[in-house]
Protein chains: 2
Amino acid sequence: MKLSRRDFFGAAGVGAAGVVALGAGGIASSRAAAPADQGTTTASGAVEFHGAHQAGITTPAQDRLHFVAFDVITDDRAALVRMLQQWTQAARRMTRGQDAGPVGAVAGGDYAPPDDTGEAMGLPPAGLTLTIGFGPTLFTAADGTDRFGIADRRPDALVPLPAFPGDELVPAISDGDLCIQACADDPQVAVHAVRNLARIGQGLVGVRWSQLGFGRTSSTTSDQATPRNLFGFKDGTDNLKAEQTATLDRFVWVDDPGSWMHGGSYLVSRRIRMLVEVWDRQGLRDQEQTIGRTKGTGAPLGQQAEFDPVDLSALPATSHVSLAHPTNAGTAILRRGYSFVDGSDGLGRLDAGLFFLCYQADPATGFVQVQRNLRTDKLNEYVQHTSSALFACPPGLAGEDDWWGSGLFG
Amino acid sequence: MKLSRRDFFGAAGVGAAGVVALGAGGIASSRAAAPADQGTTTASGAVEFHGAHQAGITTPAQDRLHFVAFDVITDDRAALVRMLQQWTQAARRMTRGQDAGPVGAVAGGDYAPPDDTGEAMGLPPAGLTLTIGFGPTLFTAADGTDRFGIADRRPDALVPLPAFPGDELVPAISDGDLCIQACADDPQVAVHAVRNLARIGQGLVGVRWSQLGFGRTSSTTSDQATPRNLFGFKDGTDNLKAEQTATLDRFVWVDDPGSWMHGGSYLVSRRIRMLVEVWDRQGLRDQEQTIGRTKGTGAPLGQQAEFDPVDLSALPATSHVSLAHPTNAGTAILRRGYSFVDGSDGLGRLDAGLFFLCYQADPATGFVQVQRNLRTDKLNEYVQHTSSALFACPPGLAGEDDWWGSGLFG
């Protein structure tokens with residue numbers, strides 16, 4: 001049976017009373033029964049929401065992304081906690097292919113705003129995952145105040161990223177108190193989820209910045225084909241994969257029993273503008289020497305096939321693959337980025353690139369170490385980092401009564 | 001057999017010589033043989049490029065859009081014509097699921113830039129259509145000059161749209177000398193096509209503005225389900241459909257034998273920001289009275305089912321459906337819009353809405369007449385028009401030797 005969103009607004013033409021009845025009965029009966037591991041995709045296309053880790057990290061990378069960073073605009077801890085609880089309930093429902101609202105507009109009837117905005121009605125779950133993260137400024141605001149009494153709960157690893165050579169960061173589209181990573185195979189489903197969380201948070205949070213992405217640029221499981229990025233190269237061949245559980249335990253999941261982050265992961269986002277017009281004027285050989293792989297097969301230079309081992313002696317020392325390779329970087333990160341096109345730049349060029357997302361157990365030995373190693377990367381000529389953010393993504397939820405932030409605020 | 005993009009860069013690991021050989025042989029043999037009507041989708045998922053009308057107008061609306069408007073930055077008519085011929089050839093190839101380049105890097109070997117950027121390698125045609133339009137400023141530049149000797153060939157219908165009450169147009173993302181509407185079921189395929197046309201036009205055209213869209217907001221054939229827009233309502237129920245050939249002949253296709261626009265159509269684009277946060281605070285009843293349809297079924301108010309006839313007496317006179325309805329507007333247009341989310345607006349809100357596209361035989365009796373009729377539309381409270389453009393889309397191409405602009409420049 002294909003689970004699809006229940007028709008919250010009464011597709012049978014019933015009025016407000018019918019809506020409420022559907023709201024109470026229809027949902028309970030369609031709820032997923034047995035909890036599975038987070039990230040497990042059911043026959044209906046729904047990804048299990050609960051588990052040791054949040055879904056959306058090692059879940060097979062979906063095709064589309066809507067990422068949003070929020071500013072918290074209230075100083076009221078209780079109101080923030082209530083919102084996080086409402087968000088969790090809505091996320092639980094939406095990832096199951098249901099609409100956001102737990103009940104119809106009981107109090108106001110159809111004079112009240114609907115509990116779901118409606119644009120995903122009739123669409124399947126589409127593999128939706130919703131992953132939450134907490135930014136450094138949630139713990140201590142920019143002005144130094146401890147708004148929510150959690151300053152002393154900030155993990156040592158959650159400090160703003162250092163500056164990197166060549167950064168051209170725009171503060172208005174960087175950082176944030178909270179983030180939601182919504183991934184789905186249908187952009188309308190991802191947008192619907194973000195928009196409904198924003199709606200639920202009205203008056204408590206404001207959208208600081210938001211980024212749409214398409215064309216996942218990494219595989220996160222061994223059975224996914226390696227996609228191509230906007231430079232036309234296969235990207236993420238040597239990415240960590242969900243099956244490498246020991247490696248994930250070492251490099252991706254926080255191992256700190258007793259801490260609220262135990263089982264969580266740190267998320268770094270970087271909006272990387274790619275100067276595609278400049279790149280397109282480079283010769284094929286130049287492009288391949290810059291990346292360190294052949295464009296056609298994706299094989300490391302000097303090798304025959306994509307998954308042949310990288311022979312560092314056959315690659316220019318300043319090629320991207322050489323510098324980013326775990327052997328050289330001395331670490332590993334789980335990449336989960338998407339391509340983007342955000343219109344044009346006013347100079348006759350597309351504003352296009354890679355919205356880079358990566359997960360790691362510690363940003364200092366993850367992204368920061370990798371990025372520092374890239375300071376001589378030949379690819380730097382063709383890219384500009386315009387946005388940067390860091391979030392602490394807590395572990396997964398234990399069950400129906402658990403909520404996003406229970407470990408931090410509970 | 002599933003037609004997929006040939007591996008331009010030599011997936012078998014061959015070098016430059018092999019690439020050229022593939023370029024000459026591989027393509028010819030995989031070319032579609034018999035021409036069909038434009039807009040016909042083959043088993044491979046490719047849409048026929050040739051025909052009486054351009055594809056991408058009545059073609060079943062694909063799921064994704066990349067729309068781009070170009071400024072022509074040369075005054076050299078011959079160079080512009082050469083580029084249009086190269087564009088046509090590349091478009092012909094890409095809509096068939098091939099890459100953009102007709103040949104490998106013959107002259108420069110792999111020291112030359114590739115003739116295709118590569119990011120669509122291995123992807124199917126994905127129903128790609130590429131539709132070209134000519135803006136008023138192509139005929140007479142903003143400074144009044146007749147750069148290309150075609151000022152006297154400008155159709156009378158191709159005059160800038162009048163101002164409408166409430167317009168908040170941003171000049172930098174309005175108008176343009178040329179436009180390309182790329183529609184596909186995979187955004188990477190649409191983006192790849194636009195990006196390669198821009199690459200071919202380097203030095204002759206610059207990207208003026210560009211818009212990505214998802215979630216088609218209209219059906220263009222009777223067998224497509226009506227999608228929902230970001231207000232959560234079914235949109236385009238009463239749209240013109242490809243099967244209504246007599247109505248299309250009357251309202252969509254230019255009927256002017258002997259003119260280079262005979263069989264063409266005029267395209268109006270409007271980027272309509274939707275104030276979704278304001279909308280989401282309205283009661284369900286308010287929303288339905290504003291639109292004139294029920295949110296669940298999409299039935300006109302007072303009716304039971306989506307396709308029941310609109311009973312104008314049951315609708316508020318200022319509802320959107322009432323004012324936009326052909327009976328009241330006295331005309332009809334073929335809508336083909338897409339939803340968009342372009343990040344946030346700096347005020348805590350999503351920058352989201354509808355990229356409205358419509359085709360008509362005459363803008364004056366099409367979009368202009370409809371839009372004037374909407375001056376009292378209750379929906380105006382929730383929308384802002386931020387971009388506007390008008391383009392003359394020539395008829396379809398006769399065959400392999402025909403090219404975009406042959407009627408205008410030939």
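**Two interfaces in a predicted model**

Me: How many residue pairs in polar contact does the rule find across the interface of domain 1 of chain A and domain 2 of chain A?

Reply: This is a predicted model, in which local features need pLDDT of at least 70 and side-chain atom pairs count only at pLDDT 80 or more, while totals for chains, interfaces and linings use all residues. Residues are numbered from 1 along each chain as its sequence is written, chains are lettered from A and ligands numbered from 1 in the order in which they are written, and side-chain values use heavy atoms, with hydrogens and water left out. A polar contact is a pair of N or O atoms within 3.5 Å; within protein, one must be able to donate a hydrogen and the other to accept it, and residues adjacent in sequence count only if both atoms are side-chain atoms. With both residues of a pair at pLDDT 80 or more, the number across this interface is twelve.

Me: How many residues does the contact take from domain 2 of chain A?

Reply: An automatic or database assignment gives the domain bounds, dividing chain A into domain 1 (42-153 + 176-213) and domain 2 (242-395). Counting as contact any heavy atoms within 4.5 Å, domain 1 of chain A supplies 32 residues, and domain 2 of chain A supplies 26.

Me: What area is buried between domain 1 of chain A and domain 2 of chain A?

Reply: Buried area is the accessible area (1.4 Å probe) that two parts lose on being put together, summed over both. Carbon and sulfur atoms give 66% of the area between these two domains of chain A, and the total is about 2200 Å².

Me: Which three residues supply more than any other three of the area that chain A buries against chain B?

Reply: In the contact between the chains, 58 residues of chain A meet 57 residues of chain B. Together the two chains bury about 4700 Å², with 58% of it on carbon and sulfur atoms. Of the area that chain A buries there, 13% comes from A:Arg195, A:Asp280 and A:Arg285.

Me: Which residue forms a salt bridge with A:Asp280?

Reply: A salt bridge needs a side-chain nitrogen of Lys or Arg within 4 Å of a carboxyl oxygen of Asp or Glu, and chain A and chain B have two of them between them. In one, the closest N and O atoms are 2.8 Å apart, and the partner of A:Asp280 is B:Arg195.
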